[in-house]
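Subject: Structure handover

Hello,

Please find the structure below, together with its sequence. My notes on what was found in it follow, grouped by topic.

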Amino acid sequence: MPLIVMCGFPSSGKTTRANEIKEYFEKSTDKRVHVVGDATMCVDKNTVYAESQREKNVRGSLKAEVERKVNKEDIVILDSLNYIKGNHATLTPRYRYELFCLIKHAQTPHCLVYCLTSADVSSAWNSNREPKEQYTQEILDALVLRFEAPDSRNRWDSPLFTVQKDDTLPFEDISDAVLKRKAPPQNQSTLSQPLSSTNFLYELDKVTQDVLMVRSFNMAEMRKLRRQFISYTKLHPTENIGHISNMFVQYLNRSLN
């Protein structure tokens, strides 16, 4: 069933809105609603968002939890920052696009709820939280600067529902978007190809081995990353074999930086 992605600055009301959506669907449907987010995973925000590797690990854990909970019956709400840019903008995958690929593969609809606030409002709301729930001002400012606002012209940001602090959520429109709309069609990049495709597996093995030969890192670690990349790519094959080398280099850069 559908994925509802919350989006916005830190302390922009995402959790409040996520809980409102959860209550609406629980009252108006017979669906179970799962909220996945920093709070449900007991994330220490100021520790995680101060270090790129920990932040990357949390993003991966959130995505994995969403993938585990998405099924044919339930509604999943992802309550996190869900921005796109990372500390290394050229190397970090576009996170909301990754979520879009996930729902295409699962063949379920999704929508984005954008809690739009100014940086000043978010800062004020953050200051009114319990001390243990607050972002430090340094972390909050850094996350605001890195945030990339959603754009409904992007497939991964559509349907998009933008709500400001005094707005009432458009519950019926959100419901129509995730319960009445068809799932986005799978394309060749999200359809698993048969593993008997000898040429694909041969090229996957050969290209990744060739890339390792020109790198100067610890080879045991590199071979481990190669095995992980091959396992992932077998499940998410690409039509264009010529892209494998670049994909693997980017994977290594993200893993080693």
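**Helix 1 and helix 7**

In this predicted model, the axes of helix 1 (residues 14–28) and helix 7 (residues 171–179) come within 11 Å and cross at roughly 70°. Angles of 65 to 115 degrees count as roughly perpendicular, so helix 1 is roughly perpendicular to helix 7. On the helix 1 side, the residues that take part are E20, I21, Y24 and F25, and they meet F171, E172, I174, S175, V178 and L179 in helix 7. Sorted by class, the residues of this contact are 7 nonpolar, 1 polar and 2 charged.

**Helix 3 and helix 4**

Helix 3 covers residues 52–69, and its axis is 11 Å from that of helix 4, at an angle of about 20°. Helix 4 covers residues 95–106. How are helix 3 and helix 4 oriented, roughly parallel or roughly antiparallel? Angles under 35 degrees count as roughly parallel, and helix 3 and helix 4 are therefore roughly parallel to each other. Their crossing is right-handed. If you want to find the contact in the viewer, select R59, L62, K63, V66 and E67 in helix 3, which meet Y95, E98, L99 and L102 in helix 4. This contact of helix 3 with helix 4 has 5 nonpolar and 4 charged residues, and no polar ones.

**Helix 5 and helix 6**

Helix 5 passes helix 6 in a right-handed crossing. From helix 5, A119, S122, S123 and N126 meet Q137, L140 and V144 of helix 6. The residues of this contact comprise 3 nonpolar and 4 polar, with no charged residue.

**A buried threonine**

T208 is found in helix 8, which runs over residues 198–213. Is T208 buried or exposed? The relative accessible area of T208 is 0%, and buried means under 20%, so T208 is buried. Leaving aside residues up to four places away in sequence, T208 touches R226, F229, I230, I244 and F248. One of these, F229, is 21 residues from T208 along the chain, and the C-alpha atoms of T208 and F229 are separated by 8.7 Å.

**Backbone details in the loops**

C42 has a positive phi of about 55°, although C42 is not a glycine. C42 lies in the loop between strand 2 (33–37) and helix 2 (45–48). With a relative accessible area of 70%, C42 is exposed.

N82 also has a positive phi, near 50°, and is likewise a residue other than glycine. The place of N82 is the loop between strand 3 (75–79) and helix 4. Which is N82, buried or exposed? N82 has a relative accessible area of 2% and is buried.

The remaining case concerns omega. A cis peptide bond joins S158 and P159, with omega about 0°. P159 is in the loop between helix 6 and strand 5 (160–163).

**The chain as a whole**

The chain has 257 residues, of which 41% count as buried. Its secondary structure comes to 10 helices and 5 strands. Taking the contacts with a separation of 6 or more, 78% are between residues 24 or more positions apart.

**Confidence**

How far does the predictor's confidence go across the chain? The average pLDDT is 84, and 83% of the residues score at least 70. Where does pLDDT stay under 50? One such stretch is residues 86–93, for which the model has 15 contacts beyond four places in sequence. Another is residues 189–196, for which the model has 16 contacts beyond four places in sequence. Please keep both stretches in mind when you go through the model.

Regards

How values were computed:
Residues are numbered from 1 along each chain as its sequence is written. This is a predicted model: local features need pLDDT of at least 70, side-chain atom pairs count only at pLDDT 80 or more; totals for chains, interfaces and linings use all residues. Side-chain values use heavy atoms; hydrogens and water are left out. pLDDT is the predictor's confidence in each residue, from 0 to 100. Contact means heavy atoms within 4.5 Å. A crossing is left-handed if the near helix is turned anticlockwise from the far one by less than a right angle, and right-handed if clockwise. Helices (H or I, at least four residues) and strands (E, at least two) are DSSP runs, numbered from the N terminus. Ala, Val, Leu, Ile, Met, Phe, Trp, Tyr, Cys and Pro count as nonpolar, Asp, Glu, Lys and Arg as charged, and the others, Gly among them, as polar. Buried means under 20% relative accessible area, exposed over 50%, partly exposed in between (1.4 Å probe, protein chains only). Axes are lines fitted to C-alpha atoms, for helices over the stretch in contact, and angles run from 0 to 180 degrees between N-to-C directions. Angles under 35 degrees count as roughly parallel, over 145 as roughly antiparallel, 65 to 115 as roughly perpendicular and the rest as oblique.
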